[in-house]
Amino acid sequence: MIVITAVSRYILPSLALIILFKCILTLLLGHPKEKIYAYITDMNTGERHPLNMWETSLGRSNSSDIVLPYSAVSRTHAVISRRIDGWYIYDLDSKSGIRVNENKIDEKMTIKNGDMLSFADANFRFEVADDPVQHVGKHKKRGAPPQPVAYQGGVSPYGGTENQRGYSQPRMINTRTGEVFVLVGNRVTVGASAKSDIRISYGQGVSRQHSLLVLYEDGWAITDNNSTNGTLLNGRKISQPQLLFDGDIITLGTESLLFKIKMR
């Protein structure tokens, strides 16, 4: 009874204070900052809406990612998408349609930095915040087994060095060691196991088969392979396949990999 009383009087309050401290620390530190890919600016009000997802819905409905409070705008009016070969805007069968630089679109149209987007009488300017996405081909590679090539010191097996331009093969670069892996084929495993296509045998928190890279029509995507600590993309834990863009950071345990694409 004395032991139980001591636990209740001293240990439990101490645990409660520790938990409270961790909660306050989490609130102060906040979550990793979301990456903003682009903006649309309302030319009527000057309000600037960030685009921080690959697909952003726009409309009068409160369920839209960006709510446009204009009576002539449909409840689900449009979607702006970031793809490997550029930015697109899609008309979701809206009543008043969409105009890009005063040209009415049918179903979809590519958009670029500075374009004017019109939804009924609401006008917006599209602004790209990060480097333009790059076209890397639309056809899925078939038949070739994944054979990533690791090399040290920035010397590429395709000729040249990391400081020279002109590579067409996507690569993963370990930001700590500088080791480079060239992605070849259409399915690449990443993990600590010797059977992984990209082996990360150093660092902590890397599972044996941690992540999986798959080449789709739109480019390379990464998914977590039921790892112990999860896979982070630009600081955010992923729960489903995520398309990769030039400059994205993939974190596995204590190790980070930079995804790079350079066109010839």
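**Notes on the strands and one aspartate**

I began with the open sheet of 5 strands, which has mixed pairing and runs in the order E4-E3-E5-E6-E9. Its edge strands are E4 (66-67) and E9 (108-111), and each of them pairs on one side only. I kept in mind that this is a predicted model.

Strand E3 (residues 55-59) and strand E5 (residues 78-83) are antiparallel, with 4 bridges between them. I looked up Leu58 and found that its bridge partner in E5 is Ala78.

Then I turned to the open sheet of 6 strands, ordered E2-E1-E11-E10-E7-E8 with antiparallel pairing. Here the edges are strand E2 (48-51) and strand E8 (103-104), each pairing on one side only. Strand E1 (residues 38-42) is joined to E2 by 4 bridges, and the two run antiparallel. In this pair, I saw Ile40 opposite His49 of E2.

My last stop was Asp91, which sits in strand E6 (residues 86-91). Is Asp91 buried or exposed? Its relative accessibility is 17%, and because the cut-off for buried is under 20%, Asp91 counts as buried.

I checked its surroundings too. Beyond its neighbours within four places in sequence, Asp91 is in contact with His77, Gly97, Ile98, Ile105, Asp106 and Glu107. The Asp91 side chain also makes a polar contact with the side chain of Ser94, at 2.7 Å. Going back to Leu58, I noted that Asp91 is 33 residues away from Leu58 in sequence and 10.0 Å away in space, C-alpha to C-alpha.

Technical notes: Residues numbered from 1 in each chain as written. Predicted model: local features only at pLDDT ≥ 70, side-chain atom pairs only at ≥ 80, totals over all residues. Heavy atoms only, no water. Pairing = 2+ DSSP bridges. Buried < 20%, exposed > 50% of the residue type's maximum accessible area, 1.4 Å probe, protein only. Contact = heavy atoms within 4.5 Å. Polar contact = N/O pair within 3.5 Å; in protein donor to acceptor, adjacent residues only side chain to side chain.
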